[in-house]
Amino acid sequence: MTIVSSIGGPVPRFFFDTHDGNRSIADKVGLELESLEAAKAVAQAALAELVRDALPADDRRTFIVSVMDEAGQVVVRTTLSLVSEYPTEAPE
């Protein structure tokens with residue numbers, strides 16, 4: 001079944017692959033969304049959830065959500081780098 005958008009065309013399907021610094025998970029199902037901006041919003045929310053679920057014990061980790069279109073092309077990539085540092089002097 002093809003969903004039709006509010007402007008009359010088919011709604012594109014986007015796929016959200018995730019990487020938490022240790023493992024990658026490919027999205028085989030995807031989501032039908034109205035626009036690329038909607039897909040970006042979903043990716044950003046997924047990134048926040050990914051960080052919360054996989055909070056690292058190490059001091060550096062990069063989290064990535066790549067959004068692909070139905071042709072498998074990356075159309076948006078959201079990345080968050082988490083860095084913990086131990087300054088030698090406290091700010092005054």
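Student: What am I looking at, and how are residues numbered?

Tutor: This is a predicted model, in which local features need pLDDT of at least 70, side-chain atom pairs count only at pLDDT 80 or more, and totals for chains, interfaces and linings use all residues. Residues are numbered from 1 along each chain as its sequence is written, and side-chain values use heavy atoms, with hydrogens and water left out.

Student: How many helices and strands does the protein have?

Tutor: There is one helix, and there are five strands. Helices (H or I, at least four residues) and strands (E, at least two) are DSSP runs, numbered from the N terminus. Read from the N terminus, the order is β-β-β-α-β-β.

Student: How much of the protein is buried?

Tutor: Of the 92 residues, 26% are buried. Buried means under 20% relative accessible area, exposed means over 50%, and partly exposed lies in between (1.4 Å probe, protein chains only). The exposed surface comes to about 6500 Å², with 53% of it supplied by carbon and sulfur atoms. Those areas come from the Shrake-Rupley method with a 1.4 Å probe, and for residues only the protein chains shown count as cover.

Student: And what share of the contacts joins residues at least 24 apart?

Tutor: That share is 42%, taken among contacts between residues at least 6 apart in sequence. Contact means heavy atoms within 4.5 Å.

Student: New topic. How many salt bridges are there?

Tutor: The search of the whole structure finds three. A salt bridge here is a side-chain nitrogen of Lys or Arg within 4 Å of a carboxyl oxygen of Asp or Glu.

Student: Which residue does Glu-32 pair with?

Tutor: Glu-32 pairs with Arg-13, at 3.4 Å from N to O. The two sit in distant parts of the chain, 19 residues apart, with Glu-32 in strand E3 (residues 31-32) and Arg-13 in strand E1. Glu-32 is partly exposed at 28% relative accessibility, and Arg-13 is partly exposed at 25%.

Student: What about Lys-40, which residue is its partner?

Tutor: Lys-40 bridges to Glu-37, with the closest N and O atoms 3.5 Å apart. Both are in helix H1, and they are separated by about one helical turn because they are three residues apart. Lys-40 counts as partly exposed because its relative accessible area is 31%, while Glu-37 counts as exposed at 51%.

Student: That leaves Asp-20. Is it buried or exposed?

Tutor: Asp-20 is buried, at 7% relative accessibility. Its salt-bridge partner is Arg-23, at 3.7 Å from N to O. Arg-23 is exposed, with a relative accessible area of 52%.

Student: Now pockets. How much space lies in the largest one?

Tutor: About 180 Å³. The search uses a 1 Å grid over the protein atoms alone, and a pocket is an open set of points where a 1.4 Å probe fits, with protein on both sides within 12 Å along at least five of seven lines. Grid points are joined across faces, edges and corners, and the volume is the space filled by probe spheres set on the points.

Student: Which residues line it?

Tutor: The lining is Phe-16, Thr-18, Asp-20, Arg-23, Ile-25, Ala-46, Glu-49, Leu-50, Asp-53 and Ala-54. Lining residues have an atom within 4 Å of a point.

Student: Which element gives the most?

Tutor: H1 does, with four residues. Strand E1 (13-19) and helix H1 (36-53) each supply at least two.

Student: What is the lining like by class?

Tutor: Five residues are nonpolar, one is polar and four are charged. Ala, Val, Leu, Ile, Met, Phe, Trp, Tyr, Cys and Pro count as nonpolar, Asp, Glu, Lys and Arg as charged, and the others, Gly among them, as polar.

Student: Back to Thr-18. What does it touch?

Tutor: Leaving out residues up to four places away in sequence, Thr-18 touches Arg-23, Ser-24, Ile-25, Leu-50, Ile-64 and Val-65. Thr-18 is in strand E1 and is buried at 18%.

Student: Last one. Where is Asp-27?

Tutor: Asp-27 is in the loop between E2 and E3, and is partly exposed at 21%.
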